[in-house]
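Have the viewer open and follow along.

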Amino acid sequence: MGRYVLRRLISAVPVLLGITVIVFAIMALIPGDPATAILGSYATPENVEKLNRDLGLDKPLVAQYFIWLGNMVQGDFGTSFSLNRPVIDEVLERFNATLVLAGTAFVICSVLGIAAGVVSAANQYGWADKAITFVVLLGISIPSFFLGMMMILYFAVSLRWFPVSGMWPIYGTRDIWALLDHLVLPASALAVVATGVIARLSRSAMLEVLRQDFIRTARAKGVHERGVIWRHALRAAMVSIIPVLGIQAGFVLSGAVYIEIVFQWPGVGRMLVDAILTRDILLVQGGVVFVAACYVMFNIVVDVAQSLLDPRIKT
Amino acid sequence: MIGFLKLLARNRLALAGGIVLFLVVVLALVTPLLPLAEPNVTNTSARFLRPFSDGALMGTDHLGRDLLSRLLWGTRLSLAVGFAAAVVAATLGAAIGIIAGFYGGRTDNLIMRGVDMLMAFPYILLALAIVAALGPGLFNALIAVAAVNVPFFARNIRGITVGIAHKEFVDAARLAGLSNTKIILTEILPNVVPVIVIAMSTTIGWMILETAGLSFLGLGSQPPQADLGSMLGEARSALITNPHTSVVPGLMILIIVMAINLLGDGVRDALDPRLKSGALSRPMASTMVRRQGPVPEPEGKGLLEVQELQTQFHVRDRNYRAVGGVSLHVKPGECLGIIGESGSGKSVTVLSVMGLVASPPGVITGGAVRYDGADLIGAPYRKLREMRGRNVAYIFQDPQATLHPLYRVGDQLKEAIRAHHGIGRDEGRARAIELLKAVRIPNPEQRLTDFPHEMSGGMRQRVGIAMALANDPDIIIADEPTTALDVTVQAQILSLLDDLRRSRGLAIVFITHDFGVVGQLCDRVAVMYAGRIVEEGPTQAVLEAPTHPYTARLMACVPELGGGKRRLEAIPGLPPVVDNLPMGCAFADRCDRVQADCRKGEIVLERQGARAVRCLHPVTPLTEAAE
Ligand code: SF4
């Protein structure tokens, strides 16, 4: 197992490099002089030249890439000019908030999605199946930012169950309950789409499994139908559900952008949007590379989970 | 095509989605012709008018602009941008996919590596990076959304192209000296286009959502021009005071995307052949029962008595009569063989006993199954479940498929016991070891922790048998338990079953298509053809003097023990399709003794002592054979 993890980690290296190349290539698309783009058109020529030198922008592209990469490996993502602080500090702080939000949403969508899919499949064409199918369809069709806004209107403004926005109360203690209170609405809004997708795929994975011979064997043994569904069928269906969870984690992580805007959550997505609007390129670059790298790592975790779940996979 | 449209129309939800989408598109197309207020004219004296106010059906926004007008113009823009993004992504993706799939080798490798890299990004993040580089704006948002969707198309289309690139007609075109470009354009592209279109129709909803999302973030369409996303984005600051400005564009996005999704699901379902055949149905916990006609009286012939059993498969509007009135019985300690070709209904017959026929499509439509005199057909599920494995246990054909692949065999054994008896951990383990010993598995302690895929076929089948023995059943139904095994292992399993039967007084119903196996194990044998029993009798007697021509033919095919499917297929012709049985004898078309009267009408199963046959011109007359 240890060797398998190691192998997966090594195989992630080219992917991580690829990510940096892609991000770098995209940023190289920026029209005109990057330093001017960063400093704005009112910058003095001296400042522009100095920044160009600081950023190594007077060197050829390939050299620039390796300098940038080398710095990042050492944890230096550059300095954000709009915030005037190291990019990595800002990204780490913001990423924490995103992780809380996206992590909660991921747990919600995994648990709810799988449960809904199983119930749906177990009652195929019954009323529960139809109801779930309809709700799921609604869920994957509604833009999460719109849903979030409607949730604010209803649950926060009308019912006053939860705070309207933010991660912490403006006054008062910052304890876990305060956080949970602020977390419920954004995490649910973020989870909806992924829940729908996971429910759909779980349903079809379950239907696929339920027709297999070993299900008949379980029934022939006299195993209770509940056991057949939840123990036998779901266990086998998990093999095809887990990869979907991995993909959906990516959607949740990036979908957090919208939710962070709607709920004014101090996460990395909101930071990116602000950075784009202020043309703080280094911050965008650093944020994207960092989040993408985390996602790659998460996918390794998913693969390892998969290999633990399915003994047939050679580790 | 017509059939496809019909199927689509039959799906009411898809139809509804199609109609809504059509209306929205038409509305968007005619927007410039409608007598609407100018969408971008501000009027600060009429800010935030409520819906249904004078002159503004949907009210006005924070600058006093007419919401209805902005909504329609915004819809137009959103649809156009979403559609354009889908087309761009599909075209680029398809081009990349076709090139990778067609040229293969290094080109393919390199391209697909790149595609994988792109897919390693959390989706929207990549779009954000692109917008960051190009700068905010609707056109740039379009490019970003298209770009992040290219890998999806490239990967799909590549897969299809690889399949096509190795077909004969492509080779032929190559030999004919056509250039690669020409082959791609004339041979590959026409075959790929339908796939592209379908993939596009399923992703266009996403594209609309994503472009709306970027606009919502302020990175897409720039004021004063608005698409649905930016309308929503601008309305956000007035969400609490004037929610209608948010609800109007938000609902519109929801309606559009939902309509597209409904339609897309309908298209997918209509194209899926598995849905048509009902192969995607979930089998219920026990077979459906819809019994017509009277329930036969108990005859007290044996521990298990199957009387006039009828089981059918209802697939759409056709009924396949898999079992058409079969009667069988077996006594304690006795072994009954059921023999026949695949499709003869032998498996369905025995699966019906404990309600294990997959349903849908299976339905038991008549007869009775009596265990110790009590009828099981129509018995509540609870009762059936309690009897499964405890009174009647099954051994199935291919233990590779019939054991759960992800649980250790020890746990599967323990579960079989636990289904009927509450036992502790240690006791369960001890019992499981005992069971493995009983089926002569060496080192049972170590084997407990094996997964099925770590065992040989013969060992797996022993586990299957051990599981059947777990609750000391009275009857074991073995459905071709040795077919998947090689000859020596087969012989071992047979002798194991035989010993178990003698030592435990088990009744065994043994299904096979191999007369050699029947001869070794069974006291009596029933021959099935096209869902009915055509001959029955003590094994020895039948082997010595078969009466039904079909039996005779089956036997002629089996010189020695150790069958394999080959022998049965040596009989010319195929069994008839059971939804369309011919008049008279079902075997007539393949029978070498057939005469005109065979096709006239129903032929009864005639009995004479222990023998029975369903034939007008038997090989050996029944009276003679019965002696
Ligand atoms: S009834 Fe006629 S056709 Fe049928 S098996 Fe007998 S001889 Fe052949």
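Start where B:Asp265 and A:Arg200 form a salt bridge, with their closest N and O atoms 2.4 Å apart. This pair crosses between chains: B:Asp265 sits in helix 10 (residues 244–271) of chain B, and A:Arg200 in helix 8 (residues 176–210) of chain A. Keep in mind that this is a predicted model. B:Asp265 counts as buried because its relative accessible area is 17%, under the 20% cut-off. A:Arg200, with a relative accessible area of 27%, is partly exposed.

Over all chains, the count comes to 34 salt bridges. Another one joins A:Glu225 to A:Arg219, where the closest N and O atoms are 2.8 Å apart, and both of these residues are buried. Then there's B:Glu535 with B:Arg611, at 2.6 Å between the closest N and O atoms. That pair links distant parts of the chain, 76 residues apart: B:Glu535 belongs to strand 11 (residues 532–538) of chain B and B:Arg611 to strand 13 (residues 611–613) of chain B. B:Glu535 is buried, at 1% relative accessibility, and B:Arg611 is buried too, at 2%. Back in chain A, a network of salt bridges links A:Arg85, A:Glu90, A:Glu93 and A:Arg94.

So what about a buried charge with no salt bridge? Look at B:Arg370, in strand 5 (residues 362–371) of chain B. B:Arg370 is buried, and the nearest side chain of opposite charge, B:Asp375, is 4.9 Å away. What B:Arg370 does have is a 2.8 Å polar contact between its side chain and that of B:Gln307. Leaving aside neighbours within four places in sequence, its contacts include B:Val295, B:Pro296, B:Leu303 and B:Leu304.

Now for the backbone. The peptide bond from B:Pro223 to B:Pro224 is cis, with omega near 5°, and B:Pro224 is in the loop between helix 8 (180–216) and helix 9 (228–235) of chain B. In chain A, A:Tyr125 has a positive phi near 70° without being a glycine; find it in the loop between helix 5 (87–122) and helix 6 (127–141). A:Gln264, also not a glycine, has a positive phi of about 50°. A:Gln264 lies in the loop between helix 10 (225–262) and helix 11 (268–277) of chain A and is partly exposed, at 42% relative accessibility.

Finish at the ligand, which 13 residues surround, the closest being B:Cys585, B:Cys591, B:Cys598, B:Cys615 and B:Leu616. By class, that shell has ten nonpolar, two polar and one charged residues.

Key:
Residues are numbered from 1 along each chain as its sequence is written. Chains are lettered from A and ligands numbered from 1 in the order in which they are written. This is a predicted model: local features need pLDDT of at least 70, side-chain atom pairs count only at pLDDT 80 or more; totals for chains, interfaces and linings use all residues. Side-chain values use heavy atoms; hydrogens and water are left out. A residue is near a molecule or strand if one of its heavy atoms lies within 4 Å of it. Ala, Val, Leu, Ile, Met, Phe, Trp, Tyr, Cys and Pro count as nonpolar, Asp, Glu, Lys and Arg as charged, and the others, Gly among them, as polar. Helices (H or I, at least four residues) and strands (E, at least two) are DSSP runs, numbered from the N terminus. Buried means under 20% relative accessible area, exposed over 50%, partly exposed in between (1.4 Å probe, protein chains only). Lys and Arg count as positive and Asp and Glu as negative; His and the chain ends are not counted. A salt bridge is a side-chain nitrogen of Lys or Arg within 4 Å of a carboxyl oxygen of Asp or Glu. A polar contact is a pair of N or O atoms within 3.5 Å; within protein, one must be able to donate a hydrogen and the other to accept it, and residues adjacent in sequence count only if both atoms are side-chain atoms. Contact means heavy atoms within 4.5 Å.
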